[in-house]
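The following paragraphs lead the reader through one structure. Please keep the sequence and the coordinates at hand while reading.

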Amino acid sequence: MEWLTMRTDDGQIPLSREEIGDFSFRGARLPLVDRMRGIWRPAGWAATLSVLTKYTPPDKKPPYNDEVGEDGLIRYAWMGEDGNHANNVGLRNAMETRSPVIWFVGVSAQPVPRYNVVCPVYVVGEEWHNKRFILMPVTMDDAPPVEIGSAMEHGFRELEKRYIRRSVKQRLHQPRFRSEVLLAYENHCAICNLAHSPLLDAAHIVPDRDEAGVAQVSNGMAMCKIHHAAFDGYFLGIRPGRAGSNELRVEIRQDLLAEVDGPMLRHGLQELHGRDLMKIPRQRAARPDRALLERAYESFRAASVDDADPGILGTATSRD
Ligand SMILES: [Zn+2]
């Protein structure tokens, strides 16, 4: 697990199967995933070592009923229909012995499949009627959630619910959102094209505190740190073009255009005014959702100090 934590910068960097295959234990190569199947129990192991969820493109429905339940915990479908299949027994053993499991979460299919690593994950319950297990990701430092079993029967207290929501968000949703968005933009800032992933974020178009601000790739854009902060702070807006067009244009807040300062302001912001985005995803379904962009652009306009001029775009602006 430490190897994975290091290799992925604590779950931030997605791995290909080839990279996952590099793992060895006590001098021998130990596959961490099965070639064909989602649930992997190496020979001689009582408990499952890893489970894998394939990537589902944004415009497709996931093939299995892996989802997050109302309690915030993750549901992972049995393998097949038979609860006593060796792989399902392996997961049950992991539950009984409270053994941690590694979860590989697919975040892209092209050019090669890549997976985020969520570990440790504990199997904390099973729903026989729905033929699925209940998984819970925790942070490396947290103890296994031993009390979950009884809590599942008696219902969760508010504090526990909050803990579950937070850990699922931190361990699963946020890293998955980041990986999907960065891969869709091929590790480039949408605004300036910068291509160094440590300097890139997955920005929400509509913030996640907003109900519409879902952690889906169509509500995300890869941006470098400075452009992400500028976008969130309404220094910079993105104006969607006419309906049906792919036009997405950068706007810099009016008062900033008149300011005189160093090269960051000049090249990093002012000169981008009126320019098209430099990077958008090849895959149509991964591109920014128009309704979300319009909403974000409205907020940008409302926050602009000088909101009087409706035609900033194309207007010659003095920048000396
Ligand atoms: Zn940038």
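This is a predicted model: local features need pLDDT of at least 70, side-chain atom pairs count only at pLDDT 80 or more; totals for chains, interfaces and linings use all residues.

Strand 14 (residues 248-252) is largely enclosed by the rest of the structure, because four of its five residues are buried. Here, buried denotes under 20% relative accessible area, exposed over 50%, and partly exposed the range in between, with a 1.4 Å probe and protein chains only. Helices (H or I, at least four residues) and strands (E, at least two) are DSSP runs, numbered from the N terminus. The partner of strand 14 is strand 13 (residues 236-240), and the two pair in the antiparallel sense over five bridges; pairing requires that DSSP find at least two bridges between two strands. Within this pair, R239 stands opposite R249 of strand 14.

Residues are numbered from 1 along each chain as its sequence is written, and side-chain values use heavy atoms, with hydrogens and water left out. The pLDDT, the predictor's confidence in each residue from 0 to 100, has a mean of 85 over the chain, and 88% of the residues reach 70 or more. Over residues 310-320 the pLDDT is below 50, and this stretch has 20 contacts in the model beyond near neighbours in sequence; a contact means heavy atoms within 4.5 Å.

As a whole, the chain contains nine helices and 14 strands. Of its 320 residues, 45% are buried. Among the contacts with a separation of 6 or more, 60% involve residues 24 or more positions apart.

Attention may now turn to the metal site. The zinc ion is coordinated by C189 (SG), C192 (SG), C224 (SG) and H227 (ND1), at 2.1 to 2.4 Å. Donors are N, O and S atoms within 2.8 Å of the metal (3.2 Å for Na, K and Ca), and since water is not among the atoms, sites may look incomplete. The arrangement is tetrahedral because the four donor atoms subtend angles of 93 to 121 degrees; for four donors, that term requires all angles to lie between 85 and 135 degrees. Along the chain, the donors follow the spacing C-x2-C-x31-C-x2-H. C192 lies in the loop between helix 5 (158-184) and strand 11 (200-204), and H227 in helix 6 (residues 225-232), so the pair ties together parts that are 35 residues apart in sequence. C192 is partly exposed at 26% relative accessible area, whereas H227 is buried at 2% and C224 is buried at 4%. The structure holds zero disulfides, a disulfide being a pair of cysteine sulfur atoms within 2.5 Å.

Helix 3 (residues 86-96) contributes N87, N88, G90, L91, R92 and A94 as buried residues. These residues pack against strand 4 (39-40), strand 5 (50-53), strand 7 (74-77), strand 8 (101-108), strand 9 and strand 10 (132-137). Strand 9 (residues 114-127) contains N116, which is buried with a relative accessible area of 2%. The C-alpha atom of N116 is separated by 5.0 Å from that of V105, 11 residues away along the chain. Beyond residues up to four places away in sequence, the contacts of N116 include W103, F104, V105, P175 and S179.

Helix 5 also holds S167, buried at 1% relative accessibility. Its contacts outside four places in sequence are with M136, P137 and L172. In helix 7 (residues 254-257) is L257, likewise buried at 1%; the C-alpha atoms of L257 and Q270, 13 residues apart along the chain, are separated by 5.7 Å.

Most residues other than glycine have a negative phi, and most peptide bonds are trans. The peptide bond from C119 to P120 is cis, with omega near 0 degrees; P120 is placed in strand 9, and C119 is buried at 5% relative accessibility. R98, although not a glycine, has a positive phi of about 50 degrees. R98 is found in the loop between helix 3 and strand 8 and is partly exposed at 48%. Y234, also not a glycine, has a positive phi of about 60 degrees. Y234 is placed in the loop between helix 6 and strand 13, where it is partly exposed at 27%.

Note on methods:
Four donors count as tetrahedral if all angles lie between 85 and 135 degrees; four count as square planar and six as octahedral if opposite donors are over 155 degrees apart and all others between 65 and 115; anything else is irregular.
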